[in-house]
Amino acid sequence: MEQMVYIVSVVFTCLALLVIPILFITRRLSVHLSFKNILRFIKLAASQLDDEEENNEKRGTMGEEEKRRRLPKHVAIILDGNRRWAEKRGLGTSEGHQAGARRLIENAKDCFAMGINTVSLFAFSTENWARPEDEVKGLMALFEKHLRSEMSFFRSDKIKISVIGNRTKISQSLLDLITEAEEATKSYEEKHLIIAIDYSGRFDILQACKSLAEKAKNGLIQVEDIDEDVMEKELMTNCSEFPNPDLLIRTSGEQRISNFFLWQSAYTELYFPNVLWPDFGEAEYLEALTWYQQRQRRFGLRV
Amino acid sequence: MGGGGVSQLLEQIHMLSRRCLFRVLSMGPLPIHLAFIMDGNRRFAKKRGLEDGSGHKAGFSALMTMLQYCYELGVKYVTIYAFSIDNFRRKPEEVQSLMDLMLVKIKSLLDKESIVHQYGIRVYFIGNLGLLNKQVRAAAEEVMKATAENSRVVLLVCVAYNSTDEILQAVKRSCADKDVERERERVRLVDIEENMQMSVAPEPDILIRSSGETRLSNFLLWQTGHCQLFSPDALWPEIGLRHLVWAILNFQRSHSYLEKKKKKKQL
């Protein structure tokens, strides 16, 4: 019996000695903790060249097939990791957000070039108001700057712009810019860029509920007739032909939806790459699409 | 005789080492509410070359094991996605066999020796129960009544459930609650939240979906806004202690950051 306890305690101490440093290392490297990643790390260390070659091969063949196979109609992106990216490089938070904004424009261009119809971006959440004041001011200034500078691109590429969210707290100048952008691009149909500023999934459902309550009060609709389609038309994503995203990408490895699309992401495939948003480029985006194409979407039925 | 003794001894060792492990885990923050999407039963049966129904039976015993671990760990609320409204669109034979299995298992919860009495579990059946056949519905309501006094652990079984359906019912109830005279502003967030069937439990801390798929499939959409999602590749009947431990370790890593965020929000 004593020997058994001795053996058990030795085994546990060894395990603890292994697991705790691994946790620290993965936290520092911002790598998602999983057996797969640890194995991947070991494989990578052992044969770096081989892996790279393999990846390049895969990407080559996928390029042709992608065009033939299905692509998501609506991609939603949670832009996470700007501040961590800046920290890693010893830069300030505002530089991180600026790099994020540049990456946003590039990625939006890539998305539409690949044939995606609708792209949604979680630019500013209702919870982000709690961040330090200068960061919030900096972000709002960034939105204004980029909306203004990219207007000509939106017009030339015929991209419809919609901004969803609670508009009551945004500054008047930004509001005017948003209205101008939406008006100027409202007739375009094939490409749609939805920017969520001061948005939260629960707020969206609440405002839909309020609007329905108002309609019920005015006799425009009976409460018993309220069903999922009626609800969908009241949500802020009713501006889009494809309100429900097929693919949701959240960068920086955090596996949460953080109150972005709640109702709309009922059947959305969730993709959580470890890369930080300013580093999420065309290659990473291709990987996400490849991953999406390998999913078997059943919607509750049998395959 | 000897074989039985050895397996009992191994069982004891397993339990002892599990208790040590849980003690170590409880040094850090532990989740209060765990949610499970039990995906992969049919693939498991196919993989092992078994007949169709046995995948779900294997899934049920995996569920019982998980519940035992949760109880030992001290998790107060456990939610499971047993049957979605979308699943009614499957082949009628499969739906019927699932209903039969559920009826048997729900009735077994009423036994004196069942896990609910052993661990003091209070059971809720969440979902559009009107869509179930009469016997299953009656059995479910009987179990809810019989376990109403228990308070150690709360088990929420989502059957005939869709999150969009739950939100819709809450919205409808909030609309109907408000008097015709009252203004639109009166519908507040708390009205919707109170009318949600899942309001009997706090929001889940971790959502574990087996079989490696990373989607919510219309499960707890409202409640998982800030929930940690975890998708091990194992199929549901293959899920084990190591997946649970890994999920909790991941939860503990980001817990302090999330707590800070929550406090900022309240400020």
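Predicted model: local features only at pLDDT ≥ 70, side-chain atom pairs only at ≥ 80, totals over all residues.
Residues are numbered from 1 along each chain as its sequence is written, chains are lettered from A and ligands numbered from 1 in the order in which they are written, and side-chain values use heavy atoms, with hydrogens and water left out.

Salt bridges were assigned where a side-chain nitrogen of Lys or Arg lies within 4 Å of a carboxyl oxygen of Asp or Glu. The count over all chains is 27. One of these joins A:Lys215 to A:Glu234, with 2.5 Å between the closest N and O atoms. A:Lys215 belongs to helix α8 (residues 201-217) of chain A and A:Glu234 to helix α9 (residues 228-234) of chain A, so the pair ties together parts that are 19 residues apart in sequence. Helices (H or I, at least four residues) and strands (E, at least two) are DSSP runs, numbered from the N terminus. Burial was classed by relative accessible area: buried is under 20%, exposed is over 50%, and partly exposed is in between (1.4 Å probe, protein chains only). A:Lys215 is partly exposed at 29%. A:Glu234 is buried at 14%.

In chain B, B:Arg43 takes part in two of the salt bridges described here. The N to O distance is 3.4 Å to B:Asp39 and 3.6 Å to B:Glu213. B:Arg43 lies in helix α2 (residues 41-48) of chain B, and B:Glu213 in the loop between β5 (206-209) and β6 (228-230) of chain B, so this pair ties together parts that are 170 residues apart in sequence. B:Arg43 is partly exposed, at 28% relative accessibility. B:Asp39 is buried at 12%, and B:Glu213 is buried at 5%.

Most residues other than glycine have a negative phi. Phi of B:Ser217 is positive, near 50°. Phi of B:Asn218 is also positive, near 65°. B:Ser217 is buried, with a relative accessible area of 15%. B:Asn218 is buried at 2%.

Strand β2 (residues 77-84) of chain B is mostly covered, with seven of its eight residues buried. Strand pairing requires at least two DSSP bridges between two strands. β2(B) pairs in the parallel sense with strand β1 (residues 33-37) of chain B over five bridges. In this pairing, B:Leu34 stands opposite B:Val78. β2(B) also pairs in the parallel sense with strand β4 (residues 153-161) of chain B, over seven bridges. Here B:Tyr81 has B:Cys158 as its bridge partner.

In chain A, a negative surface patch is formed by A:Glu224, A:Asp225, A:Asp227 and A:Asp229. Patches comprise residues with over 30% relative accessible area and no salt bridge; like charges are joined within 9 Å, and nonpolar side chains (Val, Leu, Ile, Met, Phe, Trp, Tyr) within 5 Å. A:Asp229 is found in helix α9 of chain A. A:Asp229 is partly exposed, at 48% relative accessible area.

Notes: Areas by Shrake-Rupley, 256 points an atom, 1.4 Å probe, with all protein chains shown as cover. Lys, Arg positive; Asp, Glu negative; His and termini not counted. Charge placed at Lys NZ, Arg CZ, Asp CG, Glu CD.
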